[in-house]
Amino acid sequence: MICFPGMQDTQHWLSIVLAPLLVLALGANFVLLLTILQEASLHEPMYYLLAILSTLDVILCLTVIPKVLLIFWFNMKPISFAGCFLQMFIMNTFLPMESSTFLVMAYDRYVAICHPLRYLSIITEQFVINAVIFIVFRNLLATLPTPVLAARLNYCASNVVENCICANISVAKLSCGDIHLNKLYQFVSVWCLLGSDLVLILLSYCFILRAVMHLQSAGAATKALSTCGSHLILILFFYTLLLVFIFTNKAGKKVPSEVPILLNVLHHLIPPALNPIVYGVRTQEIKQGIIKLFKY
């Protein structure tokens with residue numbers, strides 16, 4: 001993997017940004033996970049969902065960024081065939097899992113605002129278990145064909161991936177076979193999974209906004225919106241960065257090849273660094289839990 005084809009002599013300078021972001025992302029997520037584990041008051045479904053999000057962030061970070069830094073620092077460009085496809089599988093599976101987690105969290109906020117009296121009976125620990133089963137199996141079944149379709153190709157051409165990551169199409173391009181099916185399945189699966197999640201999330205927030213507008217008390221409306229603020233900020237950032245990457249990638253030669261590669265790398269790093277910080281700053285219970293954790 002040569003990372004940025006047109007920046008071979010200067011690409012290592014990017015590690016000045018990537019390395020601190022990796023430390024921040026891993027550190028912040030581990031602190032959040034420890035806080036939720038240690039603080040009994042955070043043993044509630046909403047915080048369990050946040051812990052799932054942090055776990056997915058850590059996995060995505062460790063799957064991609066350490067290898068990128070090894071290429072920049074030590075010129076360790078080779079990757080095994082099995083290792084490349086494992087990375088492809090994890091990326092294609094866990095990124096939609098993160099999107100599905102945002103969807104479940106949006107439903108949690110919808111129930112909390114629109115049906116507050118039924119919240120404790122709907123959002124239970126069993127609900128979280130069912131949500132995890134849904135997140136895992138839905139995305140596993142939908143994304144498994146991506147590496148399978150790539151693995152069936154005959155790789156008799158170049159063995160140089162012009163990317164920092166074993167992305168599906170970047171690897172498939174190295175084959176001598178027809179990759180139209182690979183491109184079609186990736187396009188359909190991405191838009192079906194992430195697209196449906198985004199539509200349902202926006203729909204849930206439309207219902208939340210309608211419910212908030214009917215509240216008589218301005219204080220109650222502000223409190224209701226503040227409980228959704230952190231979640232909405234992270235959702236908008238996650239999908240905005242993802243959509244920019246997709247459209248930039250589709251633009252082809254109109255955009256330098258380095259731009260979608262950089263966006264892909266950053267999408268595995270910036271949301272994981274941002275998620276725990278935004279929740280830690282904006283959620284009073286988590287903030288108090290973190291203070292307690294460091295006091296010990």
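**View 1. Helix 8 (residues 180–213) gives the most to a nonpolar surface patch, with five residues.** The model is predicted; local features need pLDDT of at least 70, side-chain atom pairs count only at pLDDT 80 or more, and totals for chains, interfaces and linings use all residues. Residues are numbered from 1 along each chain as its sequence is written, and side-chain values use heavy atoms, with hydrogens and water left out. Leu-181, Leu-184, Phe-187, Val-188, Trp-191 and Phe-247 form the patch. Together they have about 570 Å² of accessible area (Shrake-Rupley method, 1.4 Å probe; for residues, only the protein chains shown count as cover). Patch residues have over 30% relative accessible area and no salt bridge, and nonpolar side chains are joined within 5 Å. A salt bridge is a side-chain nitrogen of Lys or Arg within 4 Å of a carboxyl oxygen of Asp or Glu. Helices are DSSP runs (H or I, at least four residues), numbered from the N terminus.

**View 2. Val-188 sits in helix 8.** Val-188 is partly exposed, at 37% relative accessible area (buried is under 20%, exposed over 50%, partly exposed in between; 1.4 Å probe, protein chains only).

**View 3. His-268 occupies the loop between helix 10 (258–267) and helix 11 (270–282).** His-268 is buried, with a relative accessible area of 3%. A polar atom of its side chain lies 2.7 Å from the backbone oxygen of Asn-264. Beyond neighbours within four places in sequence, His-268 is in contact (heavy atoms within 4.5 Å) with Leu-60, Cys-61, Val-64, Ile-65, Met-91 and Ile-165.

**View 4. Residues 188–212 are 100% helix and 0% strand.** The end C-alpha atoms of this span are 35 Å apart.

Definitions and conventions
Helices (H or I, at least four residues) and strands (E, at least two) are DSSP runs, numbered from the N terminus. A polar contact is a pair of N or O atoms within 3.5 Å; within protein, one must be able to donate a hydrogen and the other to accept it, and residues adjacent in sequence count only if both atoms are side-chain atoms. Patches are made of residues with over 30% relative accessible area and no salt bridge: like charges are joined within 9 Å, nonpolar side chains (Val, Leu, Ile, Met, Phe, Trp, Tyr) within 5 Å.
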